[in-house]
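Subject: The structure you asked about

Hi,

Here is the structure to look through, with my notes below it. Have it open while you read.

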Amino acid sequence: MAVRAIRGATQVAADDRDEVLGATRELVSTVLARNELDPADLISILFTATPDLVSEFPALAARELGLGDVPLMCATEIAVPHALPRVLRLMAHVETELDRADVQHVYLRGAVALRRDIAQ
């Protein structure tokens, strides 16, 4: 069993608590589904949000999905002037049999523009 890091991102339409929570739930669920992971495979998840998102902690959405025993952390992305606005990102550390090349990184909504090279 290997430890792998899985990246993901999504964009929300507005800094609204329900938008942040809904988009984060969608992102986490999609990462798990596309990589055929069980919540028990999760080691930790680091969430980041662009500085324009302050309405809620993305980690709350993961807890709402039942991931309360997974270490979760939230941070703010650096404020790069030309960065895509209202973006939530995650890096999940997981135990998996997947080779690194087979890991499915997940970019949803407007965040697809961030990594067209690896977005599915």
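First, a term you will need: a salt bridge is a side-chain nitrogen of Lys or Arg within 4 Å of a carboxyl oxygen of Asp or Glu. Also keep in mind that this is a predicted model.

**Salt bridges**

How many salt bridges does the structure hold? There are 4. Let me walk you through some of them.

Start with E56 and R17, whose side chains meet in a salt bridge at 2.6 Å, N to O. This pair ties together distant parts of the chain: E56 is in the loop between strand 2 and helix 2 (58-64), while R17 is in helix 1, and they are 39 residues apart. R17 counts as partly exposed because its relative accessibility is 38%.

Next come R25 and E64, which also meet through their side chains in a salt bridge, here at 2.5 Å, N to O. Again distant parts of the chain are linked, with R25 in helix 1 and E64 in helix 2, 39 residues apart.

E77 counts as partly exposed at 23% relative accessibility. R89, on the other hand, has a relative accessible area of 15%, so it is buried; the cut-off for buried is under 20%.

Strand 2 (residues 42-49) and strand 3 run parallel and are joined by 5 bridges. Within that pairing, I45 has L72 of strand 3 as its bridge partner, and F47 stands opposite C74, also in strand 3. With strand 4, strand 2 runs antiparallel, and 7 bridges join the two. Look there for L42, whose bridge partner in strand 4 is V94.

Why is strand 2 described as largely enclosed by the rest of the structure? Because 6 of its 8 residues are buried.

**A charged patch on the surface**

Turn the model until you can see D15, D16, D18 and D52, which gather on the surface in a patch of negative charge. One of them, D16, sits in the loop between strand 1 (2-11) and helix 1 (17-34). D16 has a relative accessible area of 35%, so it is partly exposed.

Most residues other than glycine have a negative phi. R86 is not a glycine, yet its phi is positive, at about 55°. You will find R86 in the loop between strand 3 and strand 4 (87-96), and it is partly exposed because its relative accessible area is 26%. R109 also has a positive phi of about 55° without being a glycine. Look for R109 in the segment after strand 5; this residue is partly exposed, with a relative accessible area of 42%.

**One more contact to look up**

How far apart are L98 and N35 in sequence and in space? They are 63 residues apart in sequence and 8.2 Å apart in space, C-alpha to C-alpha. L98 counts as partly exposed because its relative accessibility is 24%.

Happy exploring!

How values were computed
Residues are numbered from 1 along each chain as its sequence is written. This is a predicted model: local features need pLDDT of at least 70, side-chain atom pairs count only at pLDDT 80 or more; totals for chains, interfaces and linings use all residues. Side-chain values use heavy atoms; hydrogens and water are left out. Patches are made of residues with over 30% relative accessible area and no salt bridge: like charges are joined within 9 Å, nonpolar side chains (Val, Leu, Ile, Met, Phe, Trp, Tyr) within 5 Å. Accessible areas come from the Shrake-Rupley method with a 1.4 Å probe; for residues, only the protein chains shown count as cover. Lys and Arg count as positive and Asp and Glu as negative; His and the chain ends are not counted. The place of a charge is taken as NZ of Lys, CZ of Arg, CG of Asp or CD of Glu. Helices (H or I, at least four residues) and strands (E, at least two) are DSSP runs, numbered from the N terminus. Buried means under 20% relative accessible area, exposed over 50%, partly exposed in between (1.4 Å probe, protein chains only). Two strands pair if DSSP finds at least two bridges between them.
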